[in-house]
Amino acid sequence: MGDVLTPRLVLHPMSPADAERLLARTPGAGDRWAAGYPAEVDLVGARNFLTTCTEQGDPGPFGSYEIRRRADGTAIGGLGFHGPVDEEGSVTIGYGLIPSERGRGYATEALRALVELARRLGARSVRGDTSHDNVASQHVMAAVGLRLVAEDDQLKYYELALTDPAPAEDGAVAEAR
């Protein structure tokens, strides 16, 4: 699986070596990291990705991705699947951007591409969750078509059935390269 392209972003599949560099906070030759990258959420994602690789093998396209600006290749966040499709045909997603890049529509654009990738890979639904106070993340999931399906004391849970029509994409079409 190669990079996933959107009009403004490159979703670059993470390798175990990429995850190790992230955890060490040491960019490799050719890596471009924005100030503040990796953020704590990126480190959590890298740890979880490495755990999945160790316990189940490389999840391939159902792994983690680095979010890079297409214009200059600079990494500004990450997103990905929490693992392959489960027995119900569902995948769970997570994402995050460094604070300086928020509010520009990048999270929506990246998540829209990840949802479309899940659709193409045969997932039947996509799930995500966020804290009650993370209104921005709630807006991102809603903009991509995920609907609030439950909540508890800590989290709000969202889901999108991929049999539903794809939401309008404002020209953000994902393509693999």
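1. Arg25 counts as partly exposed, because its relative accessibility is 46% (buried means under 20% relative accessible area, exposed over 50%, partly exposed in between, with a 1.4 Å probe and protein chains only). Arg25 is not a glycine, yet its phi is positive, about 55°. Arg25 sits in the loop between α1 and α2 and follows α1. Helices (H or I, at least four residues) and strands (E, at least two) are DSSP runs, numbered from the N terminus.

2. A word on the basis. This is a predicted model, in which local features need pLDDT of at least 70 and side-chain atom pairs count only at pLDDT 80 or more, while totals for chains, interfaces and linings use all residues. Residues are numbered from 1 along each chain as its sequence is written, and side-chain values use heavy atoms, with hydrogens and water left out.

3. α1 spans 16-24. Its buried residues include Asp18, Ala19 and Leu22. These cover an arc of only 100° around the axis, so they lie on the same side of α1. The arc is that of the directions from the helix axis to the C-beta atoms. An α-helix has 3.6 residues a turn, so residues three or four places apart point the same way. β2 (9-13), α2 and β3 are among the elements that cover the buried residues of α1 (contact means heavy atoms within 4.5 Å).

4. The loop between α1 and α2 also holds Pro38. A cis peptide bond joins Tyr37 to Pro38, with omega about 0°. Tyr37 is buried, and so is Trp33.

5. The structure holds two aromatic pairs. Rings of Phe, Tyr and Trp (its six-membered ring) pair if their centres lie within 6.5 Å; planes under 30 degrees apart count as stacked, over 60 as edge-to-face and the rest as tilted. Phe62 is buried at a relative accessible area of 10%. Phe81 is buried at 5%.

6. On a 1 Å grid over the protein atoms alone, a cavity is a set of points where a 1.4 Å probe fits but cannot get out, and a pocket is an open set with protein on both sides within 12 Å along at least five of seven lines; lining residues have an atom within 4 Å of a point. Grid points are joined across faces, edges and corners, and a volume is the space filled by probe spheres set on the points.

7. The largest pocket has a volume of about 880 Å³. Its lining has 43 residues, and Val41, Gly78, Gly94, Tyr95 and Gly96 lie nearest its centre. α2 gives the most, eight residues. The lining divides into 20 nonpolar, 18 polar and five charged residues (Ala, Val, Leu, Ile, Met, Phe, Trp, Tyr, Cys and Pro count as nonpolar, Asp, Glu, Lys and Arg as charged, and the others, Gly among them, as polar).

8. There are two cavities of 30 Å³ or more. The largest cavity holds about 70 Å³. Its lining includes Asp18, Leu22 and Trp33. α1 gives the largest share, three residues.
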